[in-house]
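Here is a short report on one chain. It takes up local backbone features, then the overall build.

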Amino acid sequence: MDVFTLTVINAFIAVVVTTVLTLQNKAERQFRYQRYFMLAGCCFFLNSSLTALIYAGYHLPYWLQPALSNVLNLSTNVALAAGIHRHLQLPGKRNGLLLIPIAAFLLHFSELAQEQLLFRMLIIIPAVILLNLWCISMLWRFKNHVLGKVYLAFIAIFSFNILQLLFRLSYNALYSQQLLPDHNHAMIQSVIFFNLTAFVILIFGCMIMLSHSQQRQALIQLSERDALTGLLNRRSLDLRLTAELHRAAREKLPTSFLLLDIDHFKQVNDNLGHTTGDAVIKHVAKIINELSRDYDVLFRYGGEEFLICLPNTNELNATSIANRIRETVAQRPITAIDSLTITVSIGLASTSNTEQWQVLLQQADQALYLAKQQGRNCVKSYHADLQIHGTELKSVC
């Protein structure tokens, strides 16, 4: 395939991808990084169009081709780097990146750049390689993120681009010194442009994949998370708790459940209104989040009820965690409602031999019921070896 055909294909790919990204941006305006990717698509389209005109036999002034064409290639990579930086929400301003293509354009009018192709390549290619390395370093920090597979795909593609740029620079340096024969030059130039086409297809494909993956994660987040507190909701109980209990049974580790209820919550709603009620729920959820470990699984179980799954935690440690939560809720005032005192009752159940989370939840519910019966603002533990009121419980107040 000749170079002209490849440049036309590149321009067509840029138009298609930019159009897709524009439509996605209209549908999902919160993904603002897409605007940088759209800019990258536009820059690459203009670069490919100018290159196609040259290979079609048109004579263009120097400031358009190669000066502007090369800078558009560099600008594509600047926009890619800015988009990734914006997507990852890293600190720092991106406005300074504009200086890179401006400086490169001005350098094209130096005497050496106007006379030698190799010098023009030395203006553009090292800058592109550094931008790609920066992208790789940013993405590598988030390789364990939920979108980590997409980030690793980006890393692989940027690595491929760096290798093909190094090959292009090395080949042209050797060719300009007449160290390579002429008879393979046309074929190698086609290979170089084919590598560029492959990079474009892969990188723009990754852009679209990133957008779709993020949209999918947002939908999963909406379906699994409670809108008010950000905790997991009841829809995700079965999947999350089944997996946790199976793992605990397989590794013969204890698991504890805490079922927590806000005391006299109906009175708060009736006397102070639902807005205050929502503030109370968010206040308690925030405390639970603060006092929980990274691997604990937190649910908003009902209106004013919360379920906490404590992996690798026996009854003694679970009781300590439950009382810490109870005491913190009782002692910490709610912002802007200092006169309101909130307490919680907690039912606790522990196991090391069941894979049925429903059994453990029922035991925690029975313990919570007794906690509310016996004065609230306390922790009750379920025990299989104690018989109290037909239910096996031990109190910790």
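Pro66 lies in helix H3, which spans residues 63-87. Helices are DSSP runs of H or I with at least four residues, strands are runs of E with at least two, and both are numbered from the N terminus. A cis peptide bond links Gln65 to Pro66, with omega about 20°.

This is a predicted model, in which local features need pLDDT of at least 70, side-chain atom pairs count only at pLDDT 80 or more, and totals for chains, interfaces and linings use all residues. Residues are numbered from 1 along each chain as its sequence is written, and side-chain values use heavy atoms, without hydrogens and water.

| Residue | Phi | Loop location |
|---|---|---|
| Gln89 | about 55° | between H3 and helix H4 (99-107) |
| Asn377 | about 55° | between helix H13 (357-373) and strand S5 (379-382) |

Gln89 is exposed, at 65% relative accessible area. Asn377 is partly exposed, at 26%. Buried means under 20% relative accessible area, exposed over 50%, and partly exposed in between, with a 1.4 Å probe and protein chains only.

The chain has 13 helices and six strands. Its radius of gyration is 31 Å, well over the 21 Å that the globule rule gives for 397 residues, so the chain is more spread out than a compact globule. That radius is taken over C-alpha atoms, and the rule is 2.2 Å times the number of residues to the power 0.38. Along the principal axes, the C-alpha atoms fill a box of roughly 95 × 45 × 30 Å. Buried residues make up 49% of the 397 residues.
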